[in-house]
Amino acid sequence: MTRLNVGEARKVFGDTLNRVAYRGERIVLERRGKDVAALVPIEDLRLLERLAEEREDRLDVEEADRILSGAKPEDFEPWEKVKADLGL
């Protein structure tokens, strides 16, 4: 993975952007020797977003399973009552 100082990246931004967009390079931007950001191809960003959504969905299902595993029938409202309460 390429590392580039933020100041240098500013000077050659067009070239840097082309390296990412057309060559698929991933470039880490550094400031004062610390990583501060990354430039990645849009396909990588879309993959990261999908992975984050899937992880969030999986965590939601795990949390629901955990909550429901300790539930008793009397903890639930009948569907007809819920609909009526909501005016549906």
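Which residue in β3 does L29 stand opposite? Keep that question in mind; the tour reaches the strands after a look at the whole chain.

**The whole chain**

Start with everything shown. This is a predicted model. The secondary structure of the protein chain comes to four helices and three strands, and along the sequence these follow the pattern β-α-α-β-β-α-α. The C-alpha trace spans about 65 × 30 × 20 Å along its principal axes. For a compact globule of 88 residues the radius of gyration would be near 12 Å, but this chain has 24 Å. Colour by accessibility next: buried residues make up 14% of the 88 residues. Of the contacts with a separation of 6 or more, 29% are between residues 24 or more positions apart.

Select M1, which is found in the segment before β1. Is M1 buried or exposed? M1 has a relative accessible area of 73% and is exposed. Leaving out residues up to four places away in sequence, M1 touches R26 and V28.

Hide the side chains and select β1 (2-5), β2 (27-31) and β3 (34-39). They form an open sheet of three strands in the order β1-β2-β3, with mixed pairing. β1 and β3 stand at the edges with a single partner strand each, so one side of each has no neighbour in the sheet. From one strand to the next the twist averages 35 degrees.

Take the pairings one at a time. β1 and β2 pair in the parallel sense over four bridges. To see one of the residue pairs, select N5, whose bridge partner in β2 is E30.

Now the opening question can be settled: L29 stands opposite A37 in β3. Turn next to α2, which packs on the sheet and touches β1, β2 and β3. The direction of α2 makes about 145 degrees with that of β2.

**Helix α2**

Select residues 13-23, which are helix α2. Which residues of α2 are buried? They are T16, R19 and V20. Looking down the axis of α2, you will find these buried residues within an arc of 90 degrees, so they line one face of the helix. In an α-helix there are 3.6 residues a turn, so residues three or four places apart point the same way. What covers the buried residues of α2 includes β1, α1 (6-11), β2 and β3.

Stay with R19 for a moment. R19 has a relative accessibility of 16% and therefore counts as buried, the cut-off being under 20%. Apart from residues up to four places away in sequence, R19 touches T2, G24, E25 and I27. One of these, G24, follows α2 and has a positive phi, near 75 degrees.

**The nonpolar core**

Show the side chains of L4, V6, A9, V20, I27 and L29. These six residues are the largest nonpolar core. The elements that give two or more residues to this core are α1 and β2. In soluble globular proteins, nonpolar side chains tend to be buried together.

Pick L29 from this set and show what surrounds it. Neighbours within four places in sequence aside, L29 is in contact with L4, V6, A9, K34, D35, V36, A37 and L39. A37 is the residue that L29 stands opposite in β3.

**Helix α4**

Finish with residues 79-86, helix α4. How many of the eight residues of α4 are buried? The count is zero, and the helix is hardly covered. G87 follows α4 and has a positive phi, near 70 degrees.

Key. Residues numbered from 1 in each chain as written. Predicted model: local features only at pLDDT ≥ 70, side-chain atom pairs only at ≥ 80, totals over all residues. Heavy atoms only, no water. Buried < 20%, exposed > 50% of the residue type's maximum accessible area, 1.4 Å probe, protein only. Contact = heavy atoms within 4.5 Å. Arc of directions from axis to C-beta. Core = buried A, V, L, I, M, F, W, Y, C linked by side-chain atoms within 4.5 Å. Pairing = 2+ DSSP bridges. Axes fitted to C-alpha atoms, helices over the stretch in contact; angles between N-to-C directions. Rg over C-alpha atoms; globule rule 2.2 N^0.38 Å.
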